[in-house]
Amino acid sequence: MNAIDGTERQEASSEGPPPALLVIILDTNPYAWTILRETITLLDAVANLQIFINAHLAFSHANQVAVIASHTDRAVWLYPTPARTRKNISNGAVPGPDGDTSISNGNAVYNSNKYKPFAQVEEELMASLRSLMSTTDPSSLESTTSTMMAGALSTALCYISKTSEAYNATRSTDPNPSYTYDAPPTADPNDPNSPLTGLQSRIFIFSVSTSLATQYIPLMNGIFAAQRLRVAIDVLSLNPSTSPSAFLQQAADATNGIFYAPPRPNPPNPIALLPTLLSLFVHDQTSRRALYMPTAAATSASSSSSTASTAINFQAACFCHRRTVTIGYVCSICLSIFCEECGVVRDGVCLTCGTRLRLGRYGREPKVVAGRKKKKRGGEGEGGTASGSGTPLATPGLG
Amino acid sequence: MADSDDDYIQDARSATPASDDELSDAGIDAPRGSQAQGKSRRNVGQDKNGKGKKKATGQARWEASAQNLGLTEGVDGGITKALERDLESLKRARLKKNTTPTQRGIIRHLILVLDLSEAMAEKDFKPNRYTFVLRYILSYIREFFEQNPISQLALVGMKDGLAKPISELSGNPNLHLSAVRALMQKEGQGNPSLQNALEMSCAMLQGAPSHGTREVVIVLGALLTNDPGDIYTTIRRCAKERLRVGIMGLAARLHICGEIVARTNGGDDSGYGVAVDELGLKDLLMATTTPPEIRGEGTQGPSALASLLKMGFPNRIAEEVPSLCACHNKPVRGGYQCPQCMVKVCSLPTECPGCGLTLILSTHLARSYHHLFPLREWVEVSWQRAREVGSVECRSCLTKFPEIPAQKELDKDGDTTMADASGSTAGGANPRTPNEQPQRKGEGASESRRYECETCQNHFCVDCDVFCHDVLHNCPGCQSQAHLPGSQVGGNAADGPNQGDGTGKEGNPAEAT
Ligand SMILES: [Zn+2]
Ligand SMILES: [Zn+2]
Ligand SMILES: [Zn+2]
Ligand SMILES: [Zn+2]
Ligand SMILES: [Zn+2]
Ligand SMILES: [Zn+2]
């Protein structure tokens, strides 16, 4: 039989690096910013972010940017401005600083000395931010001190998915709709050296809040979706605690992003945010290949770099006490993690799914000793295989 | 279109009212696949008295899939508009419908049996069955481990009347990928033997622990099986060993395959499907990457197989100088340290070579949580509802929705819009009054192009709908609002075990430490 030459035509990409989409998630949690006030204020941070955004836009006219605020009680779009915010602003519900930000009609008069894309982002961003702050009432702040990071991340991923789909649709004439999310047969998504085509997207999380434990599952779902879309998640963590957020660190690690938590001097003094942004986070994936970038692992959170240089907190928290465990017990039905003291050990019922679990000799021996059981597999394996194919040898355990 | 494929076209016609003329008039480069007929396409294959003439269907396949698109003119004469909505319902049809949390076997042991016989040289799949299937298996393997990170897979090939292992039972995708890549250089030969393949699967799965599933998925291109003995004995043995067999045919339905599937699945032969075209095969195969529901077998309930597994969650360690890993005896820098016996391994998940403890990352478990806490289906939004809410753009991607017609127009045009919708979408909208709240879930395209999450009452576009349910498994709206209007707690993904753990602590202010 004639084997068929399966080589696919490769599209020649001669037009330089593909455009990049940067989605910034700005943590606007007022509690955290209050704690940070000695170090940096939100306004300063936004001003620095503005320059960072301009730098990104200046790289290529095709580059795009989007900004989402992760607030205490909601996650909202800052740029592009959603219609609802636009309406609030135009209704005058939001006081402008100079009283003249009329972006509602779409063609505001920008400062003619500014590059128009820069000015546009700046205007809209500031107006949305003011709108967000003015619609935050004290009562909504009382219920929680956390931030809606999972919502912001989900929103960012939807936006990236839609935007890159639209971008690919305009460029390729491929009749196959791309909604199947099939990996292309030739390009390995895990191979960092496979050619980059299409819109290059990344997410930059400016984090100031600490624990996100209540959003564990949605955050994890977001991380996996980002992996799937090959979106890097970069994290700049300014949170005032001693340990950087484990989940965001995992997010950066899993998506080949950068995690950076600058050392916290004592007493707190103002930090140089802009150099950090411009030296670490402004490069797109294409440029990063040529640079020696800090990864999630290599960035030391504290100054004692020699010892703790890579330890990422991968510890699991038990579902019963939220205690971190290194050895835990996992329900084979719902995969809930329990520590030794949990009720499940006592009455043999999973606390999450209610399944009655076989406990057996759970405590003494590791339960998944596949290899041990396999030893007693005897000759019955090849029962009726008269045609004499080789008896398969089941390998014990994984890999 | 050629007359010779009449029997084929009949299949397609029974599902859609489209005629040849309309299709050729349209002259559209039709996307592969069909609207809402992910369902009906499969039915064609599964039809008990389906025609056995599907042998030499070299040209018929693509014609049928073009036929399946079922292009019809919209009421306004615009074929594009009807086509857009077709695409929407097609996208939504691909969403998995099961959103009720079920107990699923998340720790799986799956043997993938590939037909590598002469029959695979047929060219009804492009470029031929052999290359197409193997190439697709590559992405299948990735998808499988994406969905089932703590599961194990093995590959078996059927050729020359024998069953030969392609790769051993392992949780390492690279092992399987390289084994399949090596196969791509070869060609199919000889006949397949289902009995030998089942025997071998039995043997391979014998040592699999009882809390995991034991599954066999067979991709069969040939219309025969070359068995050395009585296959029914083998089937009985498989059933006794708790094997669950699923079969994907490439050509036509075989009685024996139906028997195998039914007898190993407690009489349910829905695991046997015949792929009519390339997309059909992808659908059938992809469906097996979702963990199967756990059924009680015999007198045992599902819980009889559940057990508590002791697992280690190692920390990553960093080293200035490389040291040997316990798993491969290769010098590597960094790695993971077993919390029980402190040996170093280089990759996870794995079983500790020192003490036998299963070592995983918590992220591996987290990958499966969306099966346990699925995202609720979003509903179609009527114009009336869109007006009530006043949504103008997608909550998550800010794409503009089509404008809501004026109230007067709504009352007047209600019927024609409905007719348009029901005419062009097969699984789609039955005429309903505009006042009626949408009842059916996830069945077709929405007239207002909006889809609503009932928990947070936000409106989304179809792309975000598909993305959120297929990939993200979060609702961006629910996750973005601390106070949800729809329901207090809701059955959404936010309601995971971490929230339901009874401690009742939410966002404690003490987080700053
Ligand atoms: Zn506990
Ligand atoms: Zn459980
Ligand atoms: Zn190793
Ligand atoms: Zn060990
Ligand atoms: Zn959308
Ligand atoms: Zn929702």
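**View 1. About 520 Å² is buried between domain 1 and domain 2 of chain B, and carbon and sulfur atoms give 56% of that area.** Buried area here is the accessible area (1.4 Å probe) that two parts lose on being put together, summed over both. On the side of domain 1 of chain B, Gln147(B), Pro149(B) and Ile150(B) lose the most area to domain 2 of chain B, together 79% of what that side buries. The residues of this side that touch domain 2 of chain B are 2 nonpolar, 1 polar and 1 charged; in this count Ala, Val, Leu, Ile, Met, Phe, Trp, Tyr, Cys and Pro are nonpolar, Asp, Glu, Lys and Arg are charged, and the others, Gly among them, are polar.

A note on the model before you zoom in further: it is predicted, with local features needing pLDDT of at least 70 and side-chain atom pairs counting only at pLDDT 80 or more, while totals for chains, interfaces and linings use all residues. Residues are numbered from 1 along each chain as its sequence is written, chains are lettered from A and ligands numbered from 1 in the order in which they are written, and side-chain values use heavy atoms, with hydrogens and water left out.

**View 2. Here are the two domains of chain B, 108-289 for domain 1 and 315-372 for domain 2.** These bounds come from an automatic or database domain assignment. The C-alpha centres of the two domains lie 31 Å apart. In contact (heavy atoms within 4.5 Å) are 4 residues of domain 1 of chain B and 8 residues of domain 2 of chain B. How many salt bridges does the rule find across this interface? The count is 0, where a salt bridge is a side-chain nitrogen of Lys or Arg within 4 Å of a carboxyl oxygen of Asp or Glu.

**View 3. Strands β8, β11 and β12 of chain B make an open antiparallel sheet in the order β8-β11-β12.** Strands (E, at least two residues) and helices (H or I, at least four residues) are DSSP runs, numbered from the N terminus, and two strands pair if DSSP finds at least two bridges between them. The edges are β8 (315-317) and β12 (344-345), each pairing on one side only. Between β8(B) and β11(B), residues 335-337, there are 3 bridges, and Ile317(B) has Gly335(B) as its bridge partner.

**View 4. A second open sheet of chain B has 3 antiparallel strands in the order β15-β16-β17.** Its edge strands are β15 (379-380) and β17 (459-460). Strand β15(B) is joined to β16(B), residues 451-452, by 2 bridges, with Val379(B) partnered by Glu452(B). In the loop between β16 and β17 of chain B you will find Gln457(B), which has a positive phi of about 60° although it is not a glycine.

**View 5. Strands β2 and β3 of chain B form a hairpin with 2 residues between them.** Residues 152-159 (β2) and 162-170 (β3) pair in the antiparallel sense over 6 bridges, and the bridge partner of Leu153(B) is Ser170(B). In the turn, look for Asp160(B), whose phi is positive at about 55°.

**View 6. A cis peptide bond joins Tyr79(A) and Pro80(A), with omega about 0°.** Pro80(A) sits in the loop between β3 (75-79) and α3 (83-90) of chain A.
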